[in-house]
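Have a look at the model below, then work through each task before reading its solution.

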Amino acid sequence: MIELAKISELNEILRLTDACRIAMENNGIYQWTTDYPSRKAFLNDLDRNELFTLKNQQTIIGCIVISTYMDTEYSPVSWLTPNGLNYYIHRLAVHPNFQGKGFAQRLMDFGEDFAKKNKALSIRLDTFSQNKRNQKFYEQRGYKRLQDIFFHQQSPYPFHCYELVL
């Protein structure tokens with residue numbers, strides 16, 4: 001079941017994203033750090049009602065942020081649709097013990113359906129240039145790769161921006 005996250009679930013969500021960080025690092029992907037995703041970022045997501053969790057029984061096994069807020073790093077990108085009613089996907093995570101079982105697809109299906117129901121023009125996101133698995137994941141879903149942006153506090157490598165026109 002996918003539902004809005006609760007403040008009481010924040011520590012469990014942070015343990016989930018930390019497990020994802022460690023699994024990525026074990027595969028040579030330094031996309032997330034001990035500082036990102038942060039408690040502060042998730043608190044902001046919670047305040048805006050943009051953080052959703054996926055549960056297996058009562059355990060949180062995944063999360064996704066579905067936001068209408070455009071980060072300033074996205075400003076220089078030549079998007080396929082005009083800025084306006086666009087949704088941004090952030091902090092998509094599935095616990096390593098549950099990866100490869102279609103849960104990320106379910107979270108993205110939910111995000112895309114959510115955006116369509118809310119009459120969005122498109123969905124925009126970024127993914128780490130060194131994470132080839134994520135790039136393939138989004139491209140197979142029909143997302144078009146656009147320009148690169150940088151989050152220097154996370155990595156010297158770029159992040160690829162993607163957009164799916166709805």
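Buried means under 20% relative accessible area, exposed means over 50%, and partly exposed is in between, with a 1.4 Å probe and protein chains only. This is a predicted model, in which local features need pLDDT of at least 70 and side-chain atom pairs count only at pLDDT 80 or more, while totals for chains, interfaces and linings use all residues. Residues are numbered from 1 along each chain as its sequence is written, and side-chain values use heavy atoms, with hydrogens and water left out. Helices (H or I, at least four residues) and strands (E, at least two) are DSSP runs, numbered from the N terminus.

**Exercise 1.** Find out whether Lys-119 is buried or exposed.

*Solution.* Start with the location: Lys-119 sits in the loop between helix 3 (103-117) and strand 5 (122-128). Next, read its relative accessibility, which is 65%, so Lys-119 counts as exposed. Finally, check the backbone: phi of Lys-119 is near 60 degrees, a positive value in a residue other than glycine.

**Exercise 2.** Work out where Arg-91 is found, and decide whether Arg-91 is buried or exposed.

*Solution.* Arg-91 belongs to strand 4. Its relative accessible area is 13%, so Arg-91 is buried. Arg-91 also has a positive phi, of about 50 degrees, although it is not a glycine. As a reminder, most residues other than glycine have a negative phi, and most peptide bonds are trans.

**Exercise 3.** Identify the residue that a cis peptide bond joins to Pro-37.

*Solution.* First locate Pro-37, in the loop between helix 1 and helix 2. Then look at omega, about 0 degrees, for the cis bond that joins Tyr-36 and Pro-37.

**Exercise 4.** Describe how the buried residues of helix 2 are arranged.

*Solution.* In helix 2 (residues 39-47), list the buried residues: Ala-41, Phe-42, Asp-45 and Leu-46. Seen down the helix axis, they fall within an arc of 140 degrees (taken from the directions from the axis to the C-beta atoms), so they line one face of helix 2. Now turn to the face pointing away from the buried side, which carries the exposed residues Lys-40 and Asp-47. The elements covering the buried residues include helix 1 (10-26), strand 2 (51-56), strand 3 (59-67) and strand 4 (86-94), where contact means heavy atoms within 4.5 Å. Just past helix 2, Asn-49 takes a positive phi of about 55 degrees.
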